[in-house]
Every structure is written in C-alpha cells, then in structure tokens.
Amino acid sequence: LEAKEEFRHKTLATDVMRPRRGDPPLSVLTESEMTVEEVERLIADTTYSGFPVVISQQSPRLVGFVLRRDLVISLENARRHQEGVVSMSPVLFTECDPPLSPSAPPAVKLRSILDLSPFTVTVHTPMEIVVDIFRKLGLRQCLVIHNGRLLGIITKKDILKHMALMANRDPDSILFN
Ligand code: ADP
C-alpha cells in the first residue's frame with residue numbers, strides 16, 4: 001500500500017469486506033463456547049491468518065482478534081504440556097472462568113494471545129479513509145462492524161486487489177453497490 005497511489009473512489013468498507021454475498025460465513029471463534037477439537041478443526045479447515053473472537057454465535061459482538069499462528073502454537077503447547085487437556089477441553093478467551101463442573105476437563109485459557117483492541121471500521125466508512133488508516137498504522141487487517149455486530153474483515157491484500165480493480169474501471173460505476 002504505497003502512499004503514492006491516491007485512492008479517490010467512492011467505495012465504502014462494505015464493498016470491499018469479506019465475506020461477499022455467496023461466500024461462506026466469516027470464520028469466528030467464540031469466547032467460551034468452543035472445545036479444543038472445534039478450534040483445531042477450524043484451523044485445519046481454513047487458511048486465514050487470523051480469526052475474530054465474538055461473544056457467541058447468537059451475539060456476534062467483537063471481543064478481539066487472534067492470529068492463526070499464535071492459536072496453533074498455544075493449542076500445541078496446551079496439548080503437550082498442560083495436564084489433563086483433551087479434545088473436549090473448553091477453550092476460553094474470557095477474563096473470568098465460567099463455572100465448570102468438577103468432572104469437566106481443564107480449560108485452555110487463551111486470553112493472553114488475544115488482541116483486545118483490533119482496528120474496526122463501520123460498513124459506511126469510505127475506503128479512502130480505510131486505506132489511509134492502513135497506511136498510517138501499518139495494519140494487516142481490520143474488522144467491519146454494523147450496529148455493534150461483527151460483519152466482515154478487510155485485509156491489506158483485499159485492498160490491493162480492490163485498487164487494481166478500480167484502476168481498470170470507471171469508479172462511478174461501482175458507487176455504493
Ligand atoms: P490475505 O488477504 O493476505 O490472503 P488471509 O489469508 O487472512 O489474508 O485472508 C484471505 C481472504 O479471506 C481475504 O479475502 C480475507 O478478507 C478473508 N478472510 C480473512 N480472515 C477471514 C475469516 N476469519 N473468515 C472469513 N474470511 C476471512
């Protein structure tokens with residue numbers, strides 16, 4: 001994202017964010033509802049560099065963002081070195097532990113690898129501003145929110161692809177679509 005390329009199109013964050021219509025839904029983690037096995041499956045089934053963490057599937061409010069590589073290392077470590085951890089162990093990103101039954105397997109606590117303040121914009125934020133922020137803050141991705149609900153993600157590569165597309169098209173033709 002070189003500063004010399006001006007971004008003067010009228011695109012909004014909602015036009016660039018993923019998933020697009022017809023794409024699979026955003027891959028998210030929940031802060032206390034998932035097991036080690038479920039998180040490992042999500043990692044195996046996707047190649048994304050990171051995952052937003054939300055309160056729950058019913059309440060997609062953003063809690064933070066976790067990098068894939070940190071998640072992989074932490075789960076491997078927990079499997080290897082934390083006593084009693086099994087596939088059914090809960091994975092917790094919460095500050096306080098939810099009540100667990102005494103017979104439940106020990107939880108894997110991962111709050112320490114969570115970025116609690118990932119950069120966010122709204123669906124209405126002009127891409128001109130998003131591009132400027134990516135440049136100034138050196139971001140790799142940002143999350144897109146509407147009315148407190150997490151809706152999407154924009155990566156640096158998504159922006160570069162969008163800029164390439166714009167360079168070959170009449171910017172007015174994509175206004176608010
Ligand atoms: P990059 O864009 O650098 O290839 P990623 O591999 O993380 O980075 O993302 C690949 C594509 O998937 C991008 O278009 C991005 O917007 C999208 N994406 C990234 N993370 C997620 C996620 N957790 N769920 C769904 N889509 C995602």
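L139 is found in the loop between α4 and β8, in a predicted model where local features need pLDDT of at least 70, side-chain atom pairs count only at pLDDT 80 or more, and totals for chains, interfaces and linings use all residues. Residues are numbered from 1 along each chain as its sequence is written. Helices (H or I, at least four residues) and strands (E, at least two) are DSSP runs, numbered from the N terminus. The protein chain has five helices and nine strands.

**Overall organisation**

- The elements follow one another along the sequence in the pattern α-β-β-α-β-β-α-β-β-β-α-β-β-α.
- The C-alpha trace of the protein chain spans about 60 × 30 × 25 Å along its principal axes.
- A residue is buried if 20 or more other C-beta atoms lie within 10 Å of its own, exposed if 12 or fewer, and partly exposed in between, with C-beta atoms placed from the backbone.
- Buried residues make up 25% of the 177 residues of the protein chain.
- Two residues are in contact if their C-beta atoms, placed from the backbone, lie within 7 Å.
- Of the contacts between residues at least 6 apart in sequence, 61% join residues at least 24 apart.

- L139 counts as partly exposed, because 17 C-beta neighbours lie inside 10 Å.
- Leaving aside residues up to four places away in sequence, L139 touches F119, I133, F134 and K156.
- E33 is 106 residues from L139 along the chain, and the C-alpha atoms of the two are separated by 29 Å.

**The nonpolar core**

- A nonpolar core is a set of buried Ala, Val, Leu, Ile, Met, Phe, Trp, Tyr and Cys residues joined through C-beta atoms within 7 Å.
- The largest such core has 32 residues, and those with the most contacts inside it are A13, V53, V66, V130, L143, V144 and I154.
- At least two residues of this core come from each of α1 (13–16), α2 (36–45), β3 (50–54), β4 (62–67), α4 (127–137), β8 (141–146) and β9 (149–155).
- V66 touches L29, G50, F51, V53, L71, I113 and L114, when residues up to four places away in sequence are not counted.

**Helix α4**

- The buried residues of α4 are M127, V130, V131 and F134.
- These residues lie on the same side of α4, because they cover an arc of only 100 degrees around the axis; the arc is that of the directions from the helix axis to the C-beta atoms.
- An α-helix has 3.6 residues a turn, so residues three or four places apart point the same way.
- The buried residues of α4 pack against α1, β7 (120–122), β8, β9 and α5.
- K136 and L137 are exposed residues on the face of α4 turned away from its buried side.
- G138 follows α4 and has a positive phi, near 60 degrees.

**Strands and the hairpin**

- Two strands pair if DSSP finds at least two bridges between them.
- β3 and β4 run antiparallel and are joined by five bridges; F51 stands opposite V66 in β4.
- β8 and β9 also run antiparallel and are joined by six bridges, with H146 opposite R149 in β9.
- β8 and β9 form a hairpin with two residues between them, and N147 in the turn has a positive phi of about 50 degrees.
- N147 is exposed, because 7 other C-beta atoms lie within 10 Å.
- Most residues other than glycine have a negative phi, and most peptide bonds are trans.

**The ligand shell**

- A residue is near a molecule or strand if its C-beta atom, placed from the backbone, lies within 6 Å of it.
- The residues around the ligand are R18, P19, L26, S27, T47, Y48, S49, F51, I153, T155, K157 and D158.
- β9 and α5 (156–167) are the elements that give two or more residues to this shell.
- The shell has five nonpolar, four polar and three charged residues, where Ala, Val, Leu, Ile, Met, Phe, Trp, Tyr, Cys and Pro count as nonpolar, Asp, Glu, Lys and Arg as charged, and the others, Gly among them, as polar.
- R18 and P19 are joined by a cis peptide bond, with omega about 0 degrees; P19 lies in the loop between α1 and β1.
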